[in-house]
Amino acid sequence: MRGRTQQAAEEAEVNMTPMLDVVFILLIFFIVTANFDREQAMVLEPPPPPSPDQPTDPVPTIIIYVDDYDRITVNSRSYELSGIRPTIERLRAEEPDSAVIIMAHPDARNETLLLLRDKAYDANVDKVNILLSGG
Amino acid sequence: MARNKRVSHAAAGDEEDVNLTPMLDVVFILLIFFIVTAQFIKAPGVTPQRANVENDASVHPLGILIAIDENDDIYMDREIVRIEELGFQVGELRQDNPQGKIVVQPDRDSRAETLIEVMRVLSEKEGLTGIEISTEKD
């Protein structure tokens, strides 16, 4: 009787060490490959799909031109980047709910576009269309 | 003597025999957590100089990364992708990662045309109304 119980205990004792090794290796692999990467990002609106018929736009628009040397022009006056936010705010005070459009030369630098969009966010413009000018 | 020896051997065996079951439970839970949260993002392979802006936010979870370097080459998964292939490549990576967000990483000095073309392709392909553009970390 005594001998039998001892034998049962020995049978129940499975050697877990190899499985533990494998599980640890899997665990370490998944910890190492797990990425909790985050990116800082700003939302930019993609260009709208071309509509077949261009309706006459009743909405007043503020068009910000950026040329190939990253010069910024609004209403044929050139501005520094720092002057854009007050300009947008002033124009939107005159004409509330004006849409803002950035017309970028194909060779304009993307930093200029991003900084302009940033200034527009500062001026509480929730949607800015970014379009390519003819070149 | 013989009896004593056996007893001491058994006692040593008891000491070695640590109960591994609770640790194994914890390890399995960790393992399952990391398996479930694992997402394999294909890095573009280039690190562009990002613009520094104020109105940016942290994006998580990431899905597809598209980089544009200063020579206007588009990189995905460590390879240069032509603009005509971009939609197809995005679809390929989408199969591995159906939920993660798309982030475009344009270099400061890349041309506006490239970024706008990339955004146009992405909005056509994915129907996005806003595209995350990577910016400098503060």
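This is a predicted model: local features need pLDDT of at least 70, side-chain atom pairs count only at pLDDT 80 or more; totals for chains, interfaces and linings use all residues.
Start with chain A. Its secondary structure comes to four helices and six strands. From the N terminus on, the order is α-α-β-β-β-β-α-β-α-β. Chain A has 135 residues, and 36% of them count as buried. Its accessible surface comes to about 8,500 Å². Carbon and sulfur atoms hold 55% of that surface.

Now turn to chain B. Here, too, there are four helices and six strands. The elements of chain B run α-α-β-β-β-β-α-β-α-β from the N terminus. Of its 138 residues, 38% are buried. Chain B exposes about 8,200 Å², and 51% of this comes from carbon and sulfur atoms. Take the contacts in chain B between residues at least 6 apart in sequence: 70% of them join residues at least 24 apart.

One residue inside chain A is worth a stop. A:R117 lies in helix 4 of chain A. Is A:R117 buried or exposed? With a relative accessibility of 0%, A:R117 is buried, because the limit for that label is under 20%. What surrounds A:R117, once its neighbours within four places in sequence are left aside? Its contacts include A:M42, A:V43, A:L44 and A:E45. A:V125, A:D126, A:K127 and A:V128 are also among them. A:R117 and A:I102 stand 15 residues apart in sequence, and their C-alpha atoms are 8.4 Å apart in space.

Next comes the interface. 42 residues of chain A are in contact with 53 residues of chain B. The size of an interface is often given as the accessible area lost when the parts come together. For chain A and chain B, that buried area is about 4,400 Å². Carbon and sulfur atoms account for 65% of it.

A:Q40 has a relative accessible area of 16%, so it counts as buried, the cut-off being under 20%. Setting aside neighbours within four places in sequence, A:Q40 touches residues of chain B. B:D56, B:A57 and B:S58 are among these contacts. Others include B:I133, B:S134, B:T135, B:E136, B:K137 and B:D138.

Polar pairs also cross the interface. There are 20 residue pairs in polar contact between chain A and chain B. Several elements of chain A take part in the side that touches chain B. Helix 2 (17-33), strand 1 (39-44), helix 4 (110-122) and strand 6 (128-132) each supply at least two residues of that side. Helix 2 of chain A gives the most, with nine residues. By type, the residues on this side of chain A divide into 27 nonpolar, five polar and 10 charged.

Charged pairs come next. Side chains of opposite charge can pair when their charged atoms come close. Over all chains, the count is 17 salt bridges. How many lie between chain A and chain B? The count there is four. One of the bridges pairs B:R50 with A:E39, at 3.5 Å from N to O. Another salt bridge links B:R111 and A:D107, whose closest N and O atoms are 2.4 Å apart. B:R111 sits in the loop between strand 5 (101-106) and helix 4 (112-126) of chain B, and A:D107 in the loop between strand 5 (99-104) and helix 4 of chain A, so this pair joins two chains. B:R111 is partly exposed, at 26% relative accessible area. A:D107 is partly exposed too, at 36%.

Other salt bridges stay within a chain. In chain A, A:R71 pairs with A:D67, with 2.7 Å between the closest N and O atoms. A:R71 is partly exposed at 48%, and A:D67 is partly exposed at 22%. In chain B, the side chains of B:R82 and B:E85 meet at 3.2 Å, N to O. B:E85 is partly exposed, with a relative accessible area of 28%. Finally, salt bridges that share partners join A:R109, A:E111, B:R108, B:D109 and B:E136 into one network.

Methods:
Residues are numbered from 1 along each chain as its sequence is written. Chains are lettered from A and ligands numbered from 1 in the order in which they are written. Side-chain values use heavy atoms; hydrogens and water are left out. Buried means under 20% relative accessible area, exposed over 50%, partly exposed in between (1.4 Å probe, protein chains only). Contact means heavy atoms within 4.5 Å. Accessible areas come from the Shrake-Rupley method with a 1.4 Å probe; for residues, only the protein chains shown count as cover. Buried area is the accessible area (1.4 Å probe) that two parts lose on being put together, summed over both. A polar contact is a pair of N or O atoms within 3.5 Å; within protein, one must be able to donate a hydrogen and the other to accept it, and residues adjacent in sequence count only if both atoms are side-chain atoms. Ala, Val, Leu, Ile, Met, Phe, Trp, Tyr, Cys and Pro count as nonpolar, Asp, Glu, Lys and Arg as charged, and the others, Gly among them, as polar.
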